[in-house]
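Morning, everyone. I have one model to walk through, so please bring up the sequence and the structure.

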Amino acid sequence: MSTVTTPYYVTTPIYYVNDAPHIGHAYTTITADAVARWNRLLGRDVHFLTGTDEHGLKVQRAAEENNCSPIEWADQTVVRFQDAWRQLGISNDDFIRTSEQRHYSAVEKLLQACYDNGDVDLQTYEGLYCVSCEAYFGEGDLNNGNCPIHGRPVEHVTEENYFFKLSRYEQALKDWYETHPDFVVPVTKRNEALGFINQGLQDFSISRTSIDWGIPLPWDPSHVTYVWFDALTNYITAAGYVDDPQGFEKRWPGVHLIGKDILRFHCVYWPAMLMSAGLAPPERVHVHGFLLVGGEKMSKTRLNQIAPSDLVDEFGVDGVRHHFLHDQAFGPDGDFSHEGMTARYNADLANNLGNLLSRVTTVVTSKCDGIGPAPEQESPLRRIVEEEYGHIADAWERIAPSDALDATWRIIRETNAYLEQAEPWKSDPGPEVDAVLGNALEVLRIISILASPAVPDACEEIRRRIGITDDAEQQLPESIQWGQYPAGLAVLKGDPLFPRLK
Ligand code: MSP
């Protein structure tokens, strides 16, 4: 269990630069962002990494089709991810591109370490290759002769490749899983990875001669590094493996968030590669399911991909973030629907949070001349906040944003119920009304901290409307101790924070 003094290094997968960002990518990235923001609130030294996977046959072919070099193609397409993340308020500390020099140096160093340890040898390889996965398959893995993930024909490839001796790490991996029961979560995914290891591990190819868009092997530059070996290494490149040994010491091992389709690479290959180089395996791998659209995985060929920016136009940045964090539990597959998203937006954001803010600011304007009163020291709302904080903190620690937001929204609902019971809008101004509104303002102050990992812009606006103008650090748990909303701040009425959607 990490403490507030432990640095927290969290990563998303690096996305194929060739792809257009869709809501499946956004889902992982928003989750990692919210987790990073939560951990910053706890005062942890957070390093949050995302980026793009730029080598391999897919990019080389796309560049050829577009009459440019692979790096020119990557330079053009990477912007789509960078723009999408900026638009969604993603607070990454670093963005890695595998075409960067720092990454070449890290891959060379890792390869050399595995090679020097005697874990790499040259073999002739014949196999069935899916270009979309950038992976080989056995006959038995195929679906009617097609790739089981993409449903597209595989290619027959014969190559002389360098192999990584994964088979040597079978026992070490079993021991690692045994001694680190939380290495992969949820437990169903841990069992899947372990099941794969228990079947017996085969060495895997880590180089190609058929393409040249990649990182040359340091001992044999006629080969380029297999794109997955290259891609996985990004996590240590950005931690400072080559260029910042002190930073590396502090950050590594990190926490990875990944989709279920890339489990084998992260939970079997990657820890073995690190062990071979004398490095620690990741701290933890959190595996999530797919977002399905109409029951199907999004894909270019099915033309059912949804761009995050399309949803932002309609729901706003916070509406999109909140939906993916609250409605789509992190773990199982989730069905995305426009109706579901509208319902969640109206229930949580328009009717609960937005309504609470607008009620409180309106009544403070009419009954207290727009000046916020102080909360009471003892209030039923205080107990609710204290009770729910435990659930919220525990859920973020487990990377269960939907549980964390359930508990956060319980506080909001209870506060609305408290106001409905007290009905301060019906009473004459005076100490009783002041006390009720002071308590509600205190909850809004606390919510503006607790909900900020999910809906950061709305939380900033809430603070502005309740008159808090300083941006002092809001370190948890001190910042949510009851009673800190000061009397005498100017409270502002304004347009609905989240206008109701039809
Ligand atoms: N480049 C590799 C990852 C290398 S990490 C060292 C890759 N890229 S990807 O762009 O195809 O996928 C990245 C992530 O997006 C994966 O975790 C994948 O599971 C996730 N998703 C792609 N489609 C998705 C959904 N429909 N739903 C949820 N996540 C999805 O694989």
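In which loop is Asn-67 found? Asn-67 sits in the loop between helix H2, residues 57-65, and helix H3, residues 70-87. Before going on: this is a predicted model. Now, the backbone there. Asn-67 has a phi near 55°, a positive value in a residue other than glycine. For context, most residues other than glycine have a negative phi, and most peptide bonds are trans.

The peptide bond from Trp-252 to Pro-253 is cis, with omega near 5°. Look for Pro-253 in the loop between helix H9, 245-251, and strand S13. The bond from Leu-476 to Pro-477 is also cis, and its omega is near 0°. Pro-477 belongs to the loop between helix H16, 456-465, and strand S19, 489-490.

Next, the ligand. How many residues surround the ligand? The count is 24, and the closest are Ile-14, Asp-53, Gly-259, Asp-261 and Leu-291. At Ile-14, a backbone N or O atom lies 2.8 Å from a ligand nitrogen. At Gly-259, a polar backbone atom is 2.8 Å from a ligand oxygen. His-25 uses its side chain: a polar atom there lies 3.5 Å from an oxygen atom of the ligand. On its own, the ligand has 660 Å² of accessible area, and the protein covers 96% of that.

Which elements give two or more residues to the shell around the ligand? They are strand S2 at 15-16, helix H1 at 23-41, helix H7 at 227-232, helix H8 at 234-237 and strand S13 at 255-259. H7 gives the most, with three residues. By class, the shell has 13 nonpolar, eight polar and three charged residues.

Last topic: helix packing. Two packed helices are described by the angle between their axes and the distance between the axes. Start with helix H6, residues 187-198, and helix H10, residues 263-276. Their axes come within 10 Å and cross at roughly 60°. H6 and H10 are therefore oblique to each other. Their crossing is right-handed.

Now H6 with its other partner here, helix H5, residues 170-179. H5 and H6 pack at an angle of about 155°, with axes 10 Å apart. So H5 and H6 are roughly antiparallel. The crossing of H5 and H6 is left-handed.

That's the tour. Over to you.

Definitions and conventions. Residues are numbered from 1 along each chain as its sequence is written. This is a predicted model: local features need pLDDT of at least 70, side-chain atom pairs count only at pLDDT 80 or more; totals for chains, interfaces and linings use all residues. Side-chain values use heavy atoms; hydrogens and water are left out. A residue is near a molecule or strand if one of its heavy atoms lies within 4 Å of it. A polar contact is a pair of N or O atoms within 3.5 Å; within protein, one must be able to donate a hydrogen and the other to accept it, and residues adjacent in sequence count only if both atoms are side-chain atoms. Accessible areas come from the Shrake-Rupley method with a 1.4 Å probe; for residues, only the protein chains shown count as cover. Helices (H or I, at least four residues) and strands (E, at least two) are DSSP runs, numbered from the N terminus. Ala, Val, Leu, Ile, Met, Phe, Trp, Tyr, Cys and Pro count as nonpolar, Asp, Glu, Lys and Arg as charged, and the others, Gly among them, as polar. Axes are lines fitted to C-alpha atoms, for helices over the stretch in contact, and angles run from 0 to 180 degrees between N-to-C directions. Angles under 35 degrees count as roughly parallel, over 145 as roughly antiparallel, 65 to 115 as roughly perpendicular and the rest as oblique. A crossing is left-handed if the near helix is turned anticlockwise from the far one by less than a right angle, and right-handed if clockwise.
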